[in-house]
Amino acid sequence: MAEKRVVWAKKLPEVYKKLDEIDLILADHLDVHLLELIKLRASVLNGCAFCVDLHTQKALKEGESQQRLFLVSTWYEAGDRFTERERAALALTDEMTELGGTGVSDVAYEEAAEHFDETELAALMSAIAMINLYNRLAVTSQLHPKER
């Protein structure tokens with residue numbers, strides 16, 4: 001059996017604090033519901049159970065509906081349950097999370113650019129990158145959701 005893995009935030013709390021400060025800056029530029037949707041979507045794609053649980057709980061506390069949270073995994077088939085702005089953000093989240101060999105398509109980028117001004121788009125891109133960082137650290141540390 002493998003030894004328990006290092007939990008990065010406990011060993012480098014100063015890094016966690018700085019990343020948290022960045023998250024607070026980004027939250028000043030984007031709606032909390034949108035932020036939690038993109039964080040949840042990236043976490044689903046990355047298989048990060050800890051972050052899926054965390055961002056589901058945060059979204060519920062902010063008044064997000066259970067239905068929309070359940071549908072994040074299939075947002076592209078959910079019809080009008082998500083606004084065009086949210087759909088553009090989720091599409092960008094998908095492409096930034098699963099870069100592959102082709103990067104982010106012009107279609108996804110331009111769609112997002114139609115719905116977000118340049119500062120919001122920069123914040124959105126940064127928020128997507130941040131949740132991907134958190135997902136990778138949590139998955140590598142094998143963090144699991146807490147019992148409720």
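**Domain and aromatic pairs**

Over residues 14-95 the chain is 73% helix and 0% strand, with the end C-alpha atoms 30 Å apart; helices (H or I, at least four residues) and strands (E, at least two) are DSSP runs, numbered from the N terminus. UniProt lists these residues, 14-95, as "domain: Carboxymuconolactone decarboxylase-like" in an unreviewed entry; UniProt positions are in the numbering used here, feature names are shortened, and annotations may be inferred rather than shown by experiment. The model is predicted: local features need pLDDT of at least 70, side-chain atom pairs count only at pLDDT 80 or more, and totals for chains, interfaces and linings use all residues. Residues are numbered from 1 along each chain as its sequence is written, and side-chain values use heavy atoms, leaving out hydrogens and water.

Aromatic pairs
- Four aromatic pairs are found in a search of the whole structure; rings of Phe, Tyr and Trp (its six-membered ring) pair if their centres lie within 6.5 Å, and planes under 30 degrees apart count as stacked, over 60 as edge-to-face and the rest as tilted.
- The pair of W8 and Y16 is tilted, because the ring planes are at 55°, with the centres 5.7 Å apart.
- The pair of W75 and Y76 is edge-to-face, because the planes are at 80°, with the centres 5.7 Å apart.
- One aromatic cluster is formed by W8, Y16 and Y134.

Exposure of the paired residues
- W8 is buried, at 13% relative accessible area, whereas Y16 is partly exposed, at 39%; buried means under 20% relative accessible area, exposed over 50%, and partly exposed in between (1.4 Å probe, protein chains only).
- W75 counts as buried at 9% relative accessibility, while Y76 is partly exposed, with a relative accessible area of 43%.
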